[in-house]
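My entries follow the order of the look-ups.

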Amino acid sequence: MFYKYMKANSFPVPEVFGIIKDGKIYSSCLDEQSVDYLKNEFDYFIKSVDGECASFVKHIASFEDFKTVFSKIKNGCYILQRSIHQSEEINKLNSNSINTLRVVTVNSGGNIKVLSSLLRVGTNATGNVDNWAAGGLAIGIQNNGYLKKYGFYKPGYGTKTEKHPDSKIEFEKYKVPMLNEAYELSIKAHKFFYNVGAIGWDIAITEDGPVFVEGNDNFEITLMQACDKPLKEDLNRL
């Protein structure tokens, strides 16, 4: 539904081309399909519709990959989402996963404002996901668009680091590409969810511009505060 609503309002989102529900395959129009519907599909993701923190995200590179995953998901609902390809500038940090911006916007009396933002970056250890809960890094963003000095691991995975463990890029010297474009697009998109007070957007940066991966009404504010500052007063004020 998020994909269809965003697409209908001309916002860039990765295509959801199918659904799996209780062991049956459907097109995005909810027409039931045979397994052969996916025979020529590759480079996409299967995601649980009610998963959190990348609890079920599987990259599919071939029909054989699909059959292996499909045989294990006889219950529940999942979307089939085409891969997106991030910009080369973002790839420099980590090319294993899509490294996403988390931009939190707040509806303040009808005016949409950016409350906080950060960049999440995967590592060799996290594989295809960048999630903090999977061991990825979260790095705050300065007002000038450069990353802050430290990237933080979620407790249990590590503490903090000044550079990426694999690419060795120093965060404080890295400027986030298309940041203002991502902010502007987030503000614009929030207007279409006018009854939601605050939204945590997950945004990929491609060569063609920002792309919305998710919009979360129950975003993890502790993640934002770890990289920014205490946000309760600002959130309540807005």
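These are my notes, starting with the ground rules.

**Ground rules.** I am working on a predicted model, where local features need pLDDT of at least 70, side-chain atom pairs count only at pLDDT 80 or more, and totals for chains, interfaces and linings use all residues. Residues are numbered from 1 along each chain as its sequence is written, and side-chain values use heavy atoms, with hydrogens and water left out.

**Overall build.** I counted secondary structure and got 6 helices and 13 strands. Both are DSSP runs numbered from the N terminus: helices are H or I with at least four residues, strands are E with at least two. The radius of gyration is 18 Å, close to the 18 Å from the globule rule for 238 residues, so the protein is as compact as a globular protein of that length. I took that radius over C-alpha atoms; the rule is 2.2 Å times the number of residues to the power 0.38. The C-alpha trace spans about 50 × 45 × 35 Å along its principal axes.

I then checked burial. Buried residues make up 45% of the 238. Buried means under 20% relative accessible area, exposed means over 50%, and partly exposed lies in between (1.4 Å probe, protein chains only). For contacts I used heavy atoms within 4.5 Å. Of the contacts with a separation of 6 or more, 56% join residues 24 or more positions apart.

**Aromatic pairs.** How many aromatic pairs are there? I count 10. The rule pairs rings of Phe, Tyr and Trp (its six-membered ring) with centres within 6.5 Å; planes under 30 degrees apart are stacked, over 60 edge-to-face, the rest tilted. F11 and F212 have ring centres 6.0 Å apart and planes at 85 degrees, so I log the pair as edge-to-face. F11 is in the loop between α1 (2–8) and β1 (16–21) and F212 is in strand β13 (residues 209–216), so the pair ties together parts that are 201 residues apart in sequence. Both F11 and F212 are buried. F193 and W201 are also edge-to-face, at 6.0 Å centre to centre and 70 degrees between the planes. W201 is buried, at 0% relative accessibility. I find F2, Y5, F11, F192, F193, W201 and F212 in one aromatic cluster.

**Charges over rings.** My test was NZ of Lys or CZ of Arg within 6 Å of the ring centre and within 35 degrees of the ring normal. K58 has its charged end over the ring of F56, 5.4 Å from the centre. R82 lies over the face of F17, 4.1 Å from the ring centre.

**Helix α2.** Which residues of α2 (residues 63–70) are buried? I list F63, F66, V69 and F70. The buried residues of α2 pack against β1, β2 (24–27), β4 (44–48) and β5 (57–60).

**Positive phi.** Most residues other than glycine have a negative phi. D43 has phi near 60 degrees, a positive value. D43 sits in the loop between β3 (32–33) and β4 and is partly exposed, at 25% relative accessibility. K168 also has a positive phi, about 65 degrees. K168 is in the loop between β11 (160–161) and α4 and is partly exposed, at 49%.
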